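Okay, thanks for coming, everyone. Let me put the structure up and walk you through a few things.

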Amino acid sequence: MNIIITGAAGFIGSHLADRLLERGDSVLGIDNFARGTRENLAAALTNPRFRLLSCDLANDAAVQAVIDPLVEGQGFGAVWHLAANSDIPAGVADPGVDLKDTFLTTYNILNLMRRHGMSEIAFASTSAVYGEHKEQLVETLGPLLPISNYGAMKLASEGAISAAVESHFKRACIFRFPNVVGSRGTHGVIYDLLGKLSGRPNTLEVLGDGTQKKPYLHVSELVEAMLFIWDKAPDKIALYNIGPEDEGAKVSTIAQTVVDVSGRGVPLQFTGGDRGWVGDVPRFFYSVEKLAKLGWRPRMKSEQAVRRAVEELAVERGITP
Ligand SMILES: NC(=O)c1ccc[n+]([C@@H]2O[C@H](COP(=O)([O-])OP(=O)(O)OC[C@H]3O[C@@H](n4cnc5c(N)ncnc54)[C@H](O)[C@@H]3O)[C@@H](O)[C@H]2O)c1
């Protein structure tokens, strides 16, 4: 199948590209390289079934000038839309960031798909659409009131996709990710903590009081789960939480794992408060029952996924004993 991946040079997009190429698909990767890198796609770029294109997907004129001529008549059937802002605090400070990179990218991709008769979309959504809840996050939960502009623009994107499926497309998969970790990570708590350690500080600063607790999934299992849903879910709009089957890992545990794996032996220093930043949901736990019923279950628990990711990222960034 001919597939477009947006955000292909990013953390998850590059792992997805590798896996789709392994399956025998042809892939057109698109990225504006705001966060993604060509290095993430080193293996994919050696494959003749892979092409990489630079384009700002929030700019419709650029999409029409750069992408339209390349996809016209080329038999692209599906888009895996992963391009988005991945810096949640940046979108809280300036809502325009998420309007542009999280929502307009979706809006422009849907219009591109209509122009070229593409009929299937897979979308990287997030737990952030749920907002803050004490109860388990299940796909049927509502009303949904996100507490970050990132979550709001992801929810708006889900809505735009739903409407587009009703009027134009055959099918959509909407995946609500937990915290995803692993090699090639471009952001997130492990990435930030390792970055701080690279400056060889006397203490490791940890945002919040360390009790924040969220589910973590390794990127290898995330990609496996997405493809499983894509292949098996019968629904016209297949909306699934993807996550581990536990209640998550605490930030204090993650920080200690980073210190242990890096061998830097510094004490943790918490900045205090129940959350890392405005717009952060400090605690949530996912229901992944719907996905288990479809037939996919993760093998790693949150803390195992975190440990593996810390080991991978510490080597990648040269922060080892
Ligand atoms: N990593 C996580 O824990 C997590 C959790 C929930 C949802 N998600 C979603 O998964 C997707 C992939 O996230 P990731 O962790 O790989 O982040 P990432 O930042 O590594 O990847 C996103 C990619 O999109 C690109 N991009 C951003 N704006 C663009 C634009 N206007 N035009 C073209 N390209 C643009 C970036 O350069 C980057 O390469 C995102 O949609 C993100 O919201 C990720």
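So, look at helix α1: Phe 11, Ile 12, Gly 13, Ser 14, His 15, Leu 16, Ala 17, Asp 18 and Leu 20 are buried there. Keep in mind that this is a predicted model. That makes nine of the twelve residues of α1 buried, so the helix is largely enclosed by the rest of the structure. How does the length of α1 look? At 1.5 Å a residue, its twelve residues should span 16 Å, and the end C-alpha atoms sit 17 Å apart, which agrees. After α1 comes Gly 24, with a positive phi near 105°.

Now, the ligand. Which element gives the largest share of the shell around the ligand? It's α1 again, with three residues. There are 28 residues around the ligand, and Gly 7, Gly 10, Gly 36, Ala 84 and Ser 86 come nearest. Two or more residues each come from α1 (11-22), α4 (95-115), β5 (120-126) and β7 (179-181). By class, the shell has 13 nonpolar, eleven polar and four charged residues.

Okay, zooming out. The protein chain splits into domain 1, residues 2-177, and domain 2, which is made of 186-215, 246-284 and 300-316. Their centres, taken over C-alpha atoms, are 27 Å apart. Where they touch, domain 1 puts in 15 residues and domain 2 puts in seven. On the domain 1 side, helix α3 (residues 88-93) gives the most, with three residues. That side of domain 1 has seven nonpolar, five polar and three charged residues.

That's my tour, thanks!

Key:
Residues are numbered from 1 along each chain as its sequence is written. This is a predicted model: local features need pLDDT of at least 70, side-chain atom pairs count only at pLDDT 80 or more; totals for chains, interfaces and linings use all residues. Domain bounds come from an automatic or database domain assignment. Two residues are in contact if their C-beta atoms, placed from the backbone, lie within 7 Å. Helices (H or I, at least four residues) and strands (E, at least two) are DSSP runs, numbered from the N terminus. Ala, Val, Leu, Ile, Met, Phe, Trp, Tyr, Cys and Pro count as nonpolar, Asp, Glu, Lys and Arg as charged, and the others, Gly among them, as polar. A residue is near a molecule or strand if its C-beta atom, placed from the backbone, lies within 6 Å of it. The expected span of a helix is 1.5 Å times one less than its number of residues. A residue is buried if 20 or more other C-beta atoms lie within 10 Å of its own, exposed if 12 or fewer, and partly exposed in between; C-beta atoms are placed from the backbone.
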